[in-house]
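I opened my notebook to look up a few things in this model.

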Amino acid sequence: MKNLETKKEIRQKIRQKRRELKEELWKEKSAAVTAVVTAHPWFQEAKNIYTYAAYNREVRTQEIIDTAFKTGKNVWVPKIVGKTMHFCHIENIDDLKPGFYGIPEPADCPTTHYDDLPAENTCGSLMIMPGVGFDEECHRIGYGGGYYDRYLAKSPEIPRIALAFEFQIFPEIPYEEHDIRPDIVVTEKRILQNI
């Protein structure tokens, strides 16, 4: 683990690379990721899709959300309340408005619409998660808030697919043992697996 870049350095590097990504290329690379995810058996078989809404040149999720709606799936998107991330059911992409740090989130989400993934609900569900950087063994660097680690610690059985561009993959990254890894990381070029 010598000479590894720090999490802070990796976050800065990836933010810069995403800023430099031209819109057409961003959409093209995102479409390649989307095609793999929506064809994956986990997505095809899931009744509930828990997905982030892309922000700041993350891999686009709008087409994944649209495909989920078209195929009759329930779509859940995170909303930050204090130090906690809840997933809220949405009926339409227009239900999302800029929220925490400007990230699109459900505008109207009463607590009765929260789903905090009790164990009985993980069957037939799929978590699609973001990240800043990943390594070849699917270790993940998030944005530093620990929201996904805390959320997923309550429901470790749910299958997890992370979306990334190839430039977000490193040979090795610093990680903690309690960090929750995705089962699969999909980029525009390949699929990395932690299964």
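Predicted model: local features only at pLDDT ≥ 70, side-chain atom pairs only at ≥ 80, totals over all residues.

Next I checked how β8 and β11 run. Strand β8 covers residues 133-135, and it pairs with β11 in the parallel sense. I noted 2 bridges between them. I then picked out Asp135 and asked for its bridge partner in β11. That partner is Phe170.

I moved on to the nonpolar cores. The largest one has 44 residues. Which residues have the most contacts inside it? My list reads Val37, Met127, Ile128 and Leu163.

I went back to Val37 and set aside its neighbours within four places in sequence. Val37 is then in contact with Phe43, Ile64, Ile128, Ile161, Leu163 and Val186.

Last, I looked for cavities. How many are there of 30 Å³ or more? I found 1. The largest cavity has a volume of about 40 Å³. I wrote down its lining: Arg18, Tyr52, Glu58, Val59, Pro130, Gly131, Tyr143, Leu163 and Gln168. Sorted by class, the lining has 5 nonpolar, 2 polar and 2 charged residues. I put a mark beside Leu163. This residue lines the largest cavity, and Leu163 is also listed among those with the most contacts inside the largest nonpolar core.

Methods. Residues numbered from 1 in each chain as written. Heavy atoms only, no water. 1 Å grid on protein atoms, 1.4 Å probe; cavity = no way out; pocket = protein on both sides within 12 Å on 5 of 7 lines; lining within 4 Å. Points joined across faces, edges and corners; volume = space filled by probe spheres on them. Nonpolar A, V, L, I, M, F, W, Y, C, P; charged D, E, K, R; others polar. Core = buried A, V, L, I, M, F, W, Y, C linked by side-chain atoms within 4.5 Å. Buried < 20%, exposed > 50% of the residue type's maximum accessible area, 1.4 Å probe, protein only. Contact = heavy atoms within 4.5 Å. Pairing = 2+ DSSP bridges. Helix = DSSP H or I, 4+ residues; strand = E, 2+ residues; numbered from the N terminus.
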